[in-house]
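Try each one before you read its solution.

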Number of protein chains: 2
Amino acid sequence: METPRLSRDAVLDTALRIVEERGLAALTMRGLAADLGVAATAIYWHVGNRDALVAALTDRVLGDLGDLTPPGSADGPQERIVGVGRVLRRRILARPHAIALLHEQGRTAVMMRPAQRALAAEVAAAGLGGERAATVVRAVLHHVVGFVLLERAVQRGPEPHPGPDEVWRDPDGVDPALAHELGRPHDPDALFEVSLSALVSGLLAADT
Amino acid sequence: METPRLSRDAVLDTALRIVEERGLAALTMRGLAADLGVAATAIYWHVGNRDALVAALTDRVLGDLGDLTPPGSADGPQERIVGVGRVLRRRILARPHAIALLHEQGRTAVMMRPAQRALAAEVAAAGLGGERAATVVRAVLHHVVGFVLLERAVQRGPEPHPGPDEVWRDPDGVDPALAHELGRPHDPDALFEVSLSALVSGLLAADT
DNA sequence: ACCTGAACACCGTTCAAGT
DNA sequence: ACCTGAACACCGTTCAAGT
């Protein structure tokens, strides 16, 4: 009854290190086995196959986004809801591989859970309930996660075929000042703040 | 001087058909060559390599999103801006493979171009200009594309590990009615409408 | 229970050789 | 200019066999 050389946790640890250091595409069963000093096929006994391995990795990475309640200093309901979104975005961006993991497998729902709880609490505290509250929670969640997804996709892209400037060389009908402004790179942090605030204020102001 | 058996366009045509029918992962150089009735290596002469092939596919699919100006029936500036977002989303959803293509290669900017123009026109018509107008354009664009990206990611996912219900079994502090509401599946179309409208109204109402 | 080694059916890509 | 065939260095996965 020897103690086994390998364990599920050991496999996940090394796999996660590979993904963090060299990306999800660099995670191969053979390479992972080499790093573990073991035959490639040994991994299958512990984690099933590559898909299951990636799924397990996803759960581990997204299971601990931590507490998302905004600092007590934020007082207004709008500012508190925006605060949850802000923290959520930062937590996701702090895990660069999380996005790749999510997208490979479409388990976005897993990532949404803790954020959904935190948002629900704030929205309820703001005096909303029922269907209307659920809509606010979902809208904010979608906005934040979608924003981050897109933000990373744009970052990863090589310089776009036609440079961002070039597209606006011929403004053709569009206000030249606006065209020039759109040609310049923008600050994602600022854009996030402005758009999330606008969304929440619009949601809270709605009649229905 | 025989006419060549293959052409760049023929390669792209068949490649696109494969992606549409069986997904981006099913696009292999060998399989594509088989469909074309040619040696796998012949493809390389016409399109370079697989990455270049995918890039070319992306340009083709996203180059013709078509005109995005909303119907003339929409009159208010807010309704017109929302209209552009609505049309953009529908056009993207009508091309299921477009999202995979985009994400594989991060050329999201390409897709944004025509939408940016249409939005800029509407925002300018609404009387905004300069930096403020640019912010509105970018915020709406990010919201719509991010929403669609997330929407598809959720769709593709297998049933989440803990069912959407299960998560809310123990509401623990959260209003039970809200918890129950969040456990139910929602209508993405409705959520899109509500959130985009709220965002735009919030953006147009902002003081700065 | 846990691990190895060989084997199968794939990949993308390069390159000399043919026409 | 355009295409083939062989070859290289990879993949994920299965499975009988070992301990």
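**Exercise 1: the surface near the DNA**

Helix H2 (29–36) of chain A and helix H3 (42–47) of chain B each supply at least two residues of the surface near DNA strand D. Keep in mind that this is a predicted model.

Task: work out which helix gives the most to the surface near DNA strand D, and how the residues of that surface divide by class.

Solution, step by step:

1. Start with the neighbours: 18 residues surround DNA strand D, and the closest are A:Arg30, A:Thr41, B:Arg5, B:Trp45 and B:His46.
2. The helix that gives the most is H3(B), with three residues.
3. Sorted by class, the surface has nine nonpolar, five polar and four charged residues.
4. Finish with single contacts. A side-chain N or O atom of B:Thr41 lies 3.0 Å from a base oxygen.

**Exercise 2: a helix pair**

Task: describe how H10(A) and H10(B) pack.

Solution, step by step:

1. Both helices cover residues 188–205, and their axes are 7 Å apart at an angle of about 105°.
2. Angles of 65 to 115 degrees count as roughly perpendicular, so H10(A) and H10(B) are roughly perpendicular to each other.
3. By class, their contact has eight nonpolar, six polar and no charged residues.

Technical notes:
Residues are numbered from 1 along each chain as its sequence is written. Chains are lettered from A and ligands numbered from 1 in the order in which they are written. This is a predicted model: local features need pLDDT of at least 70, side-chain atom pairs count only at pLDDT 80 or more; totals for chains, interfaces and linings use all residues. Side-chain values use heavy atoms; hydrogens and water are left out. Axes are lines fitted to C-alpha atoms, for helices over the stretch in contact, and angles run from 0 to 180 degrees between N-to-C directions. Helices (H or I, at least four residues) and strands (E, at least two) are DSSP runs, numbered from the N terminus. Angles under 35 degrees count as roughly parallel, over 145 as roughly antiparallel, 65 to 115 as roughly perpendicular and the rest as oblique. Ala, Val, Leu, Ile, Met, Phe, Trp, Tyr, Cys and Pro count as nonpolar, Asp, Glu, Lys and Arg as charged, and the others, Gly among them, as polar. A residue is near a molecule or strand if one of its heavy atoms lies within 4 Å of it. A polar contact is a pair of N or O atoms within 3.5 Å; within protein, one must be able to donate a hydrogen and the other to accept it, and residues adjacent in sequence count only if both atoms are side-chain atoms.
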